[in-house]
Amino acid sequence: MNKKAFLVDTTKCSGCRACQVACKQWNNLPAESTTFFGGPEYTNPAELSAITFNHVKFFPVDLSKPEKPVWTIMHKKCYHCENANCQNACPENAIRRLDGWTVIDHSRCIGCGACTEACVYNVPHVLEDDMSEYGTEQPLVSGKAYKCHACTVNTRDIPACASVCPTNALTYGNREDLVKKAKARLDKVKPEYPHASIYGLKEFDGLGVITILKNSPDKFGLPVNPKPISAEKIMTIHAMYAFLNHFTLGLPSLKRTAYRISKNLVG
């Protein structure tokens, strides 16, 4: 089976947020409580959260050429790393690979925040709010970590976000084909954006979201040459947690405490 992926082309993104809205609707996610200008420029809400799996981020307009200002906008969600820090850090093995995507098994998640701390992209978040006010159909549970699951929940042939993009800035398909498409597109946009680059080809052994950037990754807040977490440190934390877990009586609150103690002891 060919591995699937997303391709984000920032040279085509208009910032319409159709992807953001479609994700909310398909996954029955509540709206954020935010201000009119939630983040920099027209970004709203400010960042990804436990109830926002897709995010459109605006960056300051490049006015170096007043006659042709450059808008910089990027679609962001979980990058679905092949070798994911969040998966490696989870003490309960609640994060796994499903059809090539990094997904959270909420029946195992204890809300310890290990995934949040380990992710260099600041993607997974533990839900702290009480969701009862949103009604009985609300699928989210307080005290669990959430993020994009590439529509592996309420499955569909094309993930909701990619199905609605009006400019084809966000597409979905076989990863090998999308990588070839990204490289060809990069050559095409280089004359207009000389510092354009592709992100996701090799990071963490390859990401499930390939992004064509108008500039270098650091200009988009993306880490350059991100490093995996220390396997030795994680093994030590998990060994300590496994011991303390015997005294938690299976209670999530005590499990979270056991994880925090384990992490602090290892340092």
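The largest pocket holds about 450 Å³ of space. A pocket here is an open set of points on a 1 Å grid over the protein atoms alone, where a 1.4 Å probe fits and protein lies on both sides within 12 Å along at least five of seven lines; lining residues have an atom within 4 Å of a point. Of the 17 residues lining this pocket, Asp62, Ser64, Val70, Tyr193 and Asn215 sit closest to its centre. Two elements, strand S2 (55-62) and strand S3 (70-76), each give two or more residues to the lining, and S2 gives the most, with 4 residues. Strands are DSSP runs (E) of at least two residues and helices are runs (H or I) of at least four, numbered from the N terminus.

All of this comes from a predicted model, in which local features need pLDDT of at least 70, side-chain atom pairs count only at pLDDT 80 or more, and totals for chains, interfaces and linings use all residues. Residues are numbered from 1 along each chain as its sequence is written, and side-chain values use heavy atoms, with hydrogens and water left out.

Moving on to helix H7 (residues 252-266), its 15 residues reach 21 Å from first C-alpha to last, close to the 21 Å expected at 1.5 Å a residue (the expected span is 1.5 Å times one less than the number of residues). Its buried residues are Lys255, Ala258, Tyr259 and Ser262. They all end up on the same side of H7 because they cover an arc of only 100° around the axis, taken from the directions from the helix axis to the C-beta atoms. An α-helix has 3.6 residues a turn, so residues three or four places apart point the same way. Buried means under 20% relative accessible area, exposed over 50%, and partly exposed in between (1.4 Å probe, protein chains only). The cover over these residues includes helix H3 (114-118) and helix H6 (231-244).

Beyond its neighbours within four places in sequence, Thr211 is in contact (heavy atoms within 4.5 Å) with several residues, including Val8, Met74 and Tyr199.

How values were computed. Grid points are joined across faces, edges and corners, and a volume is the space filled by probe spheres set on the points.
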